Amino acid sequence: MSVIRSLGMAGQLTSRNFKDLGNTNYSIMVPRTSFQRRPNAELVARAVSSIGPPAEWFTGDHVSGSAYKIVNKRAYHHGTMLIDAKLNQLGDLLHNTKENLITKGVESVRSPVQNLRKWAPNLTHEDFVDAVSQEFQKTYNGSQDIHKIDKDLVDDIPGIRSVYDELQTWDWQYGQTPEFTHRLSGTFNWGDISADVSSKHGRITSVSISHTPPLVSDDPYDDVEDICLKLSTDLVGLKYATLDDIAGPPPHMQERDERIRNQILAWLKEEM
């Protein structure tokens, strides 16, 4: 599953969490001086009512969410419209499986969602796009023709390619991740491992890895604690989860110790 981080603020239903071909995205850009959030939402509601059920039918069920961003003299209001999204997959992806991960970010507010096709079974993405386009023209007294833009034109529009490329970089997708801590624990034939990892902006800021030897063993594995201490230092500053650019094992490390070190690193990548 690919990760996409939008330019807008929090509040856009599923936009930063889940997108598929059944979840249509729209953006309305206007001069900053004329921007008002409610009229744009009402514009979309009128468009939906013109091709399907009245907006008041959706009481209690969210079919759309939006966010906005204001930059210099421009403002844009963008959102999502659930037309025929895989809602069961959406729920699975938004479920946090990392019970010991504590974040300082704002927790999402869970709300019941439904697709528009619950009320209009034959509604399509194209129907919605056409309705919103026509309603935009009516609202803003537009007389110009509607132009359709596809990804093949990315290189032909100045500035679009640079933004397109930026949105796919690690710095954009993960570099603003809120601070969080993650406690991990694992069991190996050479003992138990626990790790307390802190991260901010997608990079590890501190790590504490400790080792508990097996209760019954002819080998106390005393050197594992030294491996853990060294890794706790080596991991600081690396990208969380991927651990890109991790330094290699120290020179002359024994084969068994290198194997244990690799096991710890593989375990961390999997659990993160």
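This is a predicted model: local features need pLDDT of at least 70, side-chain atom pairs count only at pLDDT 80 or more; totals for chains, interfaces and linings use all residues.

Visitor: Got it. Which helix is Ile 160 in?

Guide: Ile 160 sits in helix H4, which covers residues 160-166.

Visitor: And which residues form the nonpolar patch on the surface?

Guide: Ile 160 belongs to that patch, along with Ile 149, Leu 153, Ile 157 and Tyr 164. Together they have about 410 Å² of accessible area.

Visitor: Zooming out, how much accessible surface does the protein have?

Guide: About 17400 Å², and carbon and sulfur atoms account for 51% of that. As for the interior, 33% of the 272 residues count as buried.

Visitor: Now the fold. How many helices and strands are there?

Guide: There are 7 helices and 7 strands. Along the sequence they come in the pattern β-α-β-β-α-β-α-α-α-β-β-β-α-α.

Visitor: What is the strand order in the open sheet?

Guide: The sheet has 3 strands in the order S1-S3-S2, and the pairing is antiparallel. Strand S1 (23-31) and strand S2 (64-71) are the edge strands, each pairing on one side only. On average, neighbouring strands here are turned by 15 degrees against each other, ignoring direction.

Visitor: How many bridges join S1 to S3?

Guide: S1 and strand S3 (residues 74-82) are joined by 9 bridges and run antiparallel. To find one in the viewer, look for Met 29, whose bridge partner in S3 is Tyr 76.

Visitor: Changing topic: how do S6 and S7 run, parallel or antiparallel?

Guide: Antiparallel: strand S6 (residues 191-200) and strand S7 (residues 203-212) are joined by 9 bridges. Ile 193 stands opposite His 211 in S7.

Visitor: And which residue takes a positive phi in that hairpin?

Guide: His 201 does, with a phi near 55 degrees; the hairpin has 2 residues between the strands.

Visitor: Last one: what share of the contacts with a separation of 6 or more comes from residues 24 or more positions apart?

Guide: Those residues account for 68% of such contacts in the protein.

Note on methods
Residues are numbered from 1 along each chain as its sequence is written. Side-chain values use heavy atoms; hydrogens and water are left out. Two strands pair if DSSP finds at least two bridges between them. Helices (H or I, at least four residues) and strands (E, at least two) are DSSP runs, numbered from the N terminus. Axes are lines fitted to C-alpha atoms, for helices over the stretch in contact, and angles run from 0 to 180 degrees between N-to-C directions. Buried means under 20% relative accessible area, exposed over 50%, partly exposed in between (1.4 Å probe, protein chains only). Contact means heavy atoms within 4.5 Å. Accessible areas come from the Shrake-Rupley method with a 1.4 Å probe; for residues, only the protein chains shown count as cover. Patches are made of residues with over 30% relative accessible area and no salt bridge: like charges are joined within 9 Å, nonpolar side chains (Val, Leu, Ile, Met, Phe, Trp, Tyr) within 5 Å. A salt bridge is a side-chain nitrogen of Lys or Arg within 4 Å of a carboxyl oxygen of Asp or Glu.
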